[in-house]
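Please read these points with the sequence and the model side by side. They take the strands, the helices and the ligand in turn.

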Amino acid sequence: MASKPIMLYTVGTPNGRKVSVFLEELKAAYGLEYEFKKINFSQNEQKEDWMNPNGRIPVIVDRARDNFAVFETGAILQYLQQYYDKEGRFGFDPQSKDASEVVQWMFWANAGLGPMMGQAGHFKNAAPEPIPYAQKRYVDESKRLLGVLELRLKDHQYLVGGKYSIADINAYTWVGAHKFVGIESLEEFPGVKAWFERIESREASGVTGTAERPAYRAPDPLLNNPQAVHPLHTPSQRTLYLLYFVPGLPKEDIPLPPPSRAKHARPALPRASAQTILEIKRLRALDPDRYTCSVLASKFNVTRGFVQAIAALKKSQRRAKRKEQELVAETARAKWSEKKTTLMLIKAKRRELW
Ligand SMILES: N[C@@H](CCC(=O)N[C@@H](CS)C(=O)NCC(=O)O)C(=O)O
């Protein structure tokens, strides 16, 4: 087939990312190819009638099956699992109880977790005026739902049947948005946290949904040795490491090799356009209290570390400038003291001669 079988219309939101993560898993497992188009929310492209009758992303079109279109994330994940997960790695025998449990957890997430966290995020970040009652209601409900997940995950590795399945993918991207809704950490939910980290460490989970994945890089020899400290591993070099992934930046300007990463660190780092970086910088400078690193990370669909790296870069530039000024002052002081010594020597010589 000339073109790639699956066409995905999406944005890198928690709902959009679910499908990208699963497509990446299918690509890794079976070589399934897909293409994506980022939908422009500001132009309301998601409302155009060829898209989704519900006017939302994501949508897939299966070119290999008569351009069949599927909307609703739960339905998309189930469709892809049914037709493209040939060995059933991410699902179960349709007659089994596990298969029903997958459906239960997916309905639960799509009727509860996603909508509640979505509303919590809206009232925290996008409402035209702050409405404390609404903010509290949706954050409380999101926490209650994370508590439901905790009950399941405190003694289960994955939601169903001890295996990573579409039920996990479906909930994972929303759990990943906890900071966006004002839930600062998952410490309160240790089972959820461990499950989240387990999924986060999978290669496919690094996909942002709307950026090409970085080209393959040979594995770092220090990767499997979490104790090893790379000799070049300093904070400023970590910043440089992130800059490797900024498209359009000439790599020869980034002189250092990438430092080692922790054992389960996400191999794929986000890519952002130069314009996004400028916008992040502008908003940070405008109102750092409102545009915290987490808010900006969700807004631009990059990791928090990436935003921090941009902020750190500014700091390191300031530090470099201060160092340069200190060096100039130091040189001037040295020159002056050299001159003073010479003058004193001349005076002493004159006294000697007279
Ligand atoms: N229940 C839908 C929700 C989809 C949804 O809400 N998508 C959001 C992005 S996360 C969207 O398209 N928002 C744009 C809009 O509301 O116009 C699903 O699971 O696919």
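1. How many bridges join strand S3 to strand S4? There are 4, and the two strands, residues 59-62 and residues 68-71, run antiparallel. Keep in mind throughout that this is a predicted model.

2. Turn next to helix H5, residues 166-175. H5 is mostly covered, with 10 of its 10 residues buried. Among them are Asp-168, Asn-170, Tyr-172 and Trp-174. The buried residues of H5 pack against helices H1 (14-30), H2 (73-84) and H3 (97-126), and also against H4 and H6.

3. Two packed helices are described by the angle between their axes and the distance between the axes. For helix H4 (residues 132-153) and helix H6 (residues 190-200), the axes come within 7 Å and cross at roughly 80°. Angles of 65 to 115 degrees count as roughly perpendicular, so H4 and H6 are roughly perpendicular to each other.

4. Which residues meet where H4 contacts H6? H4 supplies Leu-146, Leu-149, Glu-150 and Leu-153, while H6 supplies Gly-191, Val-192 and Trp-195. By class, the residues of this contact are 5 nonpolar, 1 polar and 1 charged.

5. Last, the ligand. The residues around the ligand include Thr-13, Asn-15, Phe-41, Arg-56, Glu-72 and Asn-110. The shell around the ligand divides into 3 nonpolar, 6 polar and 2 charged residues.

Conventions
Residues numbered from 1 in each chain as written. Predicted model: local features only at pLDDT ≥ 70, side-chain atom pairs only at ≥ 80, totals over all residues. Near = placed C-beta within 6 Å. Nonpolar A, V, L, I, M, F, W, Y, C, P; charged D, E, K, R; others polar. Axes fitted to C-alpha atoms, helices over the stretch in contact; angles between N-to-C directions. Parallel < 35°, antiparallel > 145°, perpendicular 65-115°, else oblique. Contact = placed C-beta atoms within 7 Å. Pairing = 2+ DSSP bridges. Buried ≥ 20, exposed ≤ 12 C-beta atoms within 10 Å, placed from the backbone.
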